[in-house]
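Visitor: I am new to this one. Could we look through it together?
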Amino acid sequence: MKISIVIVTYNRLAELAELLESIARQTVLPHEVIIVNDAGKSIEPLVSLYSELPIKAIELTENVKHVRARNIGVKHVTGDAIMLCDDDDFITETHLEQAVIGLQHADFVYFDAEIVQFEKRENTRYPFKRQLFAYQYNLAEMKKFSTFVPSGSVYKKELHDKIGLFDPDVHNYWDWDFFLRAAEACSVKRIPMASVIYAFSEDGTNQSADLGLKRKMYLDRLCEKHQLGDLPTKNFFVLLEEPEMKDREAETKRVWDGKPVFTRYSQQEESNEITNG
């Protein structure tokens, strides 16, 4: 199974370096790593540092936002399966190996995660708070609140032939929309292993924490598209403490050692500072 990793990035070189470092450490390496730079600063320094990875860099000259940028990346895939990953997340060493095994029994696999808050020092992030994000797969419940983490999810490329690409009209909820469409068209399997390290901030700096008017507008569009009723926007961490969500919690395997990812990029930048200082 040839897995193509699709990453969209915008001005996060240090974080992207951590993701690439985690990919380089995989027990099973990907067929290709497609990085769509959404008109941010050049990612060429990272491509050079991780030359052993089969990276295809797509440098956009216009910022098209993350959903359209993913669609561009998907169109360049030459592998059998696609793995999605946000540029500020990373995966543990056996993630791809477990994905390949999972795809023997399903068309679409997704993993549990650890939601992590980081403190950034220089060009390295240090975790200061982490919690498991692991919930039973139940499609009916997924229509009330999605527990699908797109980062690290892997699915057979042919799925796009059945359901089309990601929908930019639902913007913040592109992943929820994609999952619901996929679940109706193919077999889905949750892997009970928290091998996705998902960066999320309680202070609102993460896009997923933005509870503004636009977010409500996109949620309404999603609800209308899938006939979900009137779903309210709520603070993510508050919602996880509600009894209904507690009942959905599932056992999972915790695999991350909790240590920061030291990258070639951070080492190079530190060396440059010493030389120029």
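Visitor: How many positive and negative side chains does the protein have?
Guide: The protein has 34 positive and 45 negative side chains, counting Lys and Arg as positive and Asp and Glu as negative, without His and the chain ends. The centres of the two sets lie 3 Å apart, with each charge placed at NZ of Lys, CZ of Arg, CG of Asp or CD of Glu.

Visitor: And where do these values come from?
Guide: This is a predicted model, in which local features need pLDDT of at least 70 and side-chain atom pairs pLDDT 80 or more, while totals for chains, interfaces and linings use all residues. Residues are numbered from 1 along each chain as its sequence is written, and side-chain values use heavy atoms, leaving out hydrogens and water.

Visitor: What secondary structure does the protein have?
Guide: There are eleven helices and ten strands, taken as DSSP runs (helices H or I, at least four residues; strands E, at least two) and numbered from the N terminus.

Visitor: How much of the protein is buried?
Guide: Buried residues (under 20% relative accessible area, 1.4 Å probe, protein chains only) make up 54% of the 277 residues.

Visitor: Which residues of α7 are buried?
Guide: Ten of the twelve residues in α7 are buried, including W174, W176, F178 and F179. Helix α7 covers residues 174-185 and reaches 17 Å from its first C-alpha to its last, close to the 16 Å expected (1.5 Å times one less than its number of residues).

Visitor: What box do the C-alpha atoms fill?
Guide: Along the principal axes, the box is roughly 60 × 40 × 40 Å.

Conventions. Buried means under 20% relative accessible area, exposed over 50%, partly exposed in between (1.4 Å probe, protein chains only).
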